[in-house]
Amino acid sequence: MQGTWTPENYAWRDRARKVADEVIRPLAAKYDRAQEYPWEIRDAIAKAGLFQVWIDKAYGGASGGAMNLCIVVEELSRACGGVGVLFAVNALGSFPLIVGGTEEQKKRWLPEIAQGKTLTAFCLSEKLAGSDAGALMTRARRDGDTFIISGEKKWTTNGGAANLYTVFAVTDPRSRSKRISALLVEKDTPGLEFTKEEDKMGIRCVPVREVRFRDCRVPASNLLGGHEGHGFRHAMKTLDCARPGVAAQAVGLAQGALELALLYTGRRKQFGQSVIQFQAMQHKLADMATRVEASRQLVHTAARALDAGATDVSRVAAMCKCFATDTAMEVTTQAVQCFGGYGYMRDYPIEKYMRDAKITQIYEGTNEIQRLVIARALMKEAVGLDHLNRFIPQEEQFVDPEMREALAEAKAGAAT
Ligand code: CAA
């Protein structure tokens, strides 16, 4: 919004918008149909220096932080939701390194990620461990100065395209709180195999694969942070950092769909006038625009909290992810409605926005999980509200005195 952005924010927006309008938009439908990774788009994003945005200058990045990352993701997703995640998933895959990596690990991999040469993937989910991420079963056994990984991962976005995989595996099955560790696995490691490639409803230009580890041996120096047992915390912290990025993808999708709906309803004539002249259509568009802006502001609140180094970001990260992605589903569906029958057809670009939006309510934690994270934070906050108790009458005050006596007698009777 005018006045709240820095010149740096505008510069990142314009840089991303140029790539989105000149390179991504003309190619979006082609790669959606082909369900192929668009290497030419990856190259254009890398050439524009956009992969540098979330990485510190010390590691070859631009120190743009979460706010500028979200601005870039929104712009790319406005043109294509698939490209939005193709880009943002590299932030997800590199956040474990950023939040938990040793200095040596950061120096080794972050500069190549900032150049777009190394693409990353985040291997947490398994067939039997989706929302219940802590139930994962992939094993990593220590063997001298190596770890041997065996197991299978599900829903690996960027699987096969990425060169670096952050893999969460059980290193101590007997421990409750230190069961899981994170390991960095390079693509050419023997024993790392890419199996099923999913045929998806949306985000079709980015691969989602099953990844199998058959006695896949990695050096112990690839243990994230150099300590066993910190994997689950690293995963949770990573998701706190990454969820505003998914939310920004959703804002971009919703904004892009809204713009196409505005254009189309201004052009389409029925009953002798543009359909945008009908008040019902104006109200629909007004509601869509309001929800998009509310989502954007919540995303920026979360991003600014991350950039300020706030430690209690889980709640606001979950809020923006949940609200913005529900908004994207609602707004893209309404945008299809604005196009009438044409909106349902693949000749028009709008149905792709609706297909791309759906996954944002599911991945990086379903919106049911986001509500659980928010509710848990709220329940903790309720403890600090004890001083307000005296303003809420106790239920007994509303009970009829005779009834109270009868209840007391019944209670006493039950006790004897
Ligand atoms: N930051 C740091 N630590 C955290 C944390 C956070 N945000 N959240 C939890 N923890 C810690 C807790 O403090 C606790 O530590 P102790 O054991 O030392 O007490 C530990 O982690 C366990 O926490 P919980 O008891 O809260 O864990 P839980 O089993 O109840 O699960 C959950 C919590 C929020 C439901 C979690 O399992 C979760 O986020 N699930 C969703 C997983 C998810 O988002 N998956 C998507 C993967 S990415 C993807 O979609 C694919 C892709 O490629 C895009």
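Colleague: Domain bounds come from an automatic or database domain assignment. Which domains does the chain have here?

Modeller: Domain 1 (7-118), domain 2 (121-229) and domain 3 (233-381). This is a predicted model, where local features need pLDDT of at least 70, side-chain atom pairs count only at pLDDT 80 or more, and totals for chains, interfaces and linings use all residues. Residues are numbered from 1 along each chain as its sequence is written, and side-chain values use heavy atoms, with hydrogens and water left out.

Colleague: Why does the ligand lie between two of the domains?

Modeller: The shell around the ligand takes residues from both domain 2 and domain 3, so the ligand lies between them.

Colleague: Which residues come nearest to the ligand?

Modeller: Ser131, Asp240, Arg243, Glu364 and Arg376, out of 24 residues around the ligand. A residue counts as near if one of its heavy atoms lies within 4 Å.

Colleague: Changing topic, how much area do domain 1 and domain 3 bury between them?

Modeller: About 2,100 Å², with 62% of it on carbon and sulfur atoms. Buried area is the accessible area (1.4 Å probe) that two parts lose on being put together, summed over both.

Colleague: Which residues of domain 1 lose the most?

Modeller: Met67, Glu74 and Arg78, which together make up 26% of what the domain 1 side buries. The C-alpha centres of domain 1 and domain 3 are 20 Å apart.
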